[in-house]
Amino acid sequence: MSLSGDLLRLADAVLFPGFTGHTPPDWLRRRLGAGLAGVALFSRNIADPGQLARLTAELRAENPSVLIGTDEESGEVTRLEVATGSSRPGGYALGVVDDVRLTEALARDLGHDLAGAGITIDFAPSADVNSNPDNPVIGLRAFGADPSLVARHTRAFVRGLQSAGVAATAKHFPGHGDTTVDSHHGVPVVAESGIQDALHPFREAIDEGVKVIMTGHLLVPSYDAERPATLSPKVLTGLLREELGFDGLIITDGIEMAAVSEAYGIGGASARALAAGADAICVGGEHADEATADGVRDAIATAVTTGLLPEERLADAARRVRELAGWAASSGSRSHSDGEMGLEAVRHSDGGVGLEAARRAVRVTRRSTAPVLPIGPAPHVVELAPEMNLAIDKGTPWGVGEPLARLRPGTTVTRLTARSATGAELDRLLVLAGDRPLAVVVRDAHRHPWQAEVLRHLLGVRPDAVVVEMGLPVRSDLGGVHIATYGSARVCGQAAAEVLTGSL
């Protein structure tokens with residue numbers, strides 16, 4: 001069946017595809033010129049701020065109303081600073097400090113950087129309540145495990161971003177925190193007992209005026225026992241629109257993720273998400289080619305012709321996209337006197353608001369009566385690098401060794417993976433370290449048995465070693481001193497190095 005040009009254009013008016021490279025490919029330029037709604041940028045599209053600004057200008061030259069979004073959560077999930085590591089800690093560190101003024105100031109600072117680079121939507125913050133410490137995909141991206149704490153920092157982050165003229169996105173509705181499955185790979189199930197706690201930050205975000213809410217590919221049996229939230233009218237229309245009263249833009253998480261695409265394909269999942277109440281489809285994290293973008297557009301148009309997706313629903317979705325584009329075009333950077341004063345108050349320290357936040361988040365547990373800190377000259381650092389989830393770019397730098405080497409010349413560093421952390425290698429490292437200070441850096445040691453085994457081996461010989469946890473610190477009773485940074489952003493490593501050397 002041939003599809004009309006008008007219907008194809010209407011389908012394009014709700015799509016946010018990704019692409020590869022630092023300049024727009026010809027197919028994307030053509031689609032933007034014909035009315036494509038938006039573009040999702042990933043780390044593969046960003047080299048530096050100047051290049052990003054040129055890229056967004058090129059996109060806007062094809063379609064002045066284009067919405068340009070990216071996942072810039074700060075902390076582990078960064079796109080602007082993927083090559084260097086983030087200059088701002090993530091949500092959990094902000095929740096540990098629990099100063100909403102600081103969170104708002106950091107989000108405003110981030111918003112100014114995004115707006116200056118031409119970004120109109122930030123797919124942040126994570127409004128998830130990370131009530132399950134074994135969660136493999138949220139963890140430190142959340143503000144914490146307490147619903148009220150997450151709610152107040154979600155509101156602060158939304159205020160900060162949107163005061164800078166960038167639309168904030170509360171995600172992953174209705175809450176990805178109390179799960180043990182990564183929706184990139186399967187369908188997480190949200191327990192009925194925790195759903196009201198999970199919804200609390202989203203209610204608060206809506207009250208704050210958040211412009212966008214991103215769906216999570218989650219099964220919520222108390223609302224819909226058959227379809228994940230992204231594909232469920234009961235969740236998106238019944239719960240989010242009617243019960244919670246959200247009137248902004250609903251965008252999907254990456255529609256190619258297995259939790260929704262495995263059963264219906266990428267195009268089929270896209271059409272069903274729109275029929276359920278979503279207004280925009282985010283695609284291209286893993287499938288960033290013209291064929292995928294064409295296939296999704298055609299599947300949406302076909303769903304209209306077959307009756308799966310009412311044309312009125314598609315037109316309503318396109319209207320919400322246009323309304324957000326209108327807000328983005330007219331918002332610009334806006335100042336609020338109290339917020340600006342708060343931003344200046346936290347910028348007094350060197351390194352800006354991000355480093356200030358990272359320093360305030362560090363928690364030190366001293367377990368040895370010996371003077372372990374500050375460490376002496378030329379320490380050895382062992383960094384344990386686990387496999388991270390797909391939301392975190394594998395190339396983003398992290399660790400304590402590099403910033404420590406600047407403060408303690410002669411520092412040596414060894415990084416181990418699960419495969420390379422053999423008993424023989426650990427024994428070799430102990431000999432290499434000799435009687436020098438030893439620091440062991442871990443990430444979510446409680447979720448990775450091999451990291452726990454490395455710690456047991458090293459601390460059995462060197463109980464005076466310092467343990468630096470850059471993930472979620474479920475245990476703080478390890479090492480002569482335990483340092484929790486609540487994040488692995490560049491500034492978190494800097495803050496840990498300052499603690500180790502006594503300069504913080």
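1. A crossing is left-handed if the near helix is turned anticlockwise from the far one by less than a right angle, and right-handed if clockwise. By that rule, H5 and H6 make a right-handed crossing. The contact (heavy atoms within 4.5 Å) draws on residues of H5 including Val100, Leu106 and Leu114, and on residues of H6 including Arg152, Phe157 and Ser163. Its residues divide into 8 nonpolar, 5 polar and 4 charged (Ala, Val, Leu, Ile, Met, Phe, Trp, Tyr, Cys and Pro are nonpolar, Asp, Glu, Lys and Arg charged, and the others, Gly among them, polar).

2. A word on the basis: this is a predicted model, where local features need pLDDT of at least 70, side-chain atom pairs count only at pLDDT 80 or more, and totals for chains, interfaces and linings use all residues. Residues are numbered from 1 along each chain as its sequence is written, and side-chain values use heavy atoms, leaving out hydrogens and water.

3. On to H2 (residues 26-33) and H3 (residues 49-62): their axes lie 7 Å apart and the angle is about 45°. The two helices are therefore oblique to each other (angles under 35 degrees count as roughly parallel, over 145 as roughly antiparallel, 65 to 115 as roughly perpendicular and the rest as oblique). Leu28, Arg29, Leu32 and Gly33 of H2 meet Glu58, Leu59 and Glu62 of H3.

4. Do have a look at Ala484, in strand S14 (residues 481-484). Ala484 counts as buried, at 4% relative accessibility (buried means under 20% relative accessible area, with a 1.4 Å probe and protein chains only). Its C-alpha atom is 5.1 Å from that of Arg363, 121 residues apart along the chain.

Note on methods: Helices (H or I, at least four residues) and strands (E, at least two) are DSSP runs, numbered from the N terminus. Axes are lines fitted to C-alpha atoms, for helices over the stretch in contact, and angles run from 0 to 180 degrees between N-to-C directions. Buried means under 20% relative accessible area, exposed over 50%, partly exposed in between (1.4 Å probe, protein chains only).
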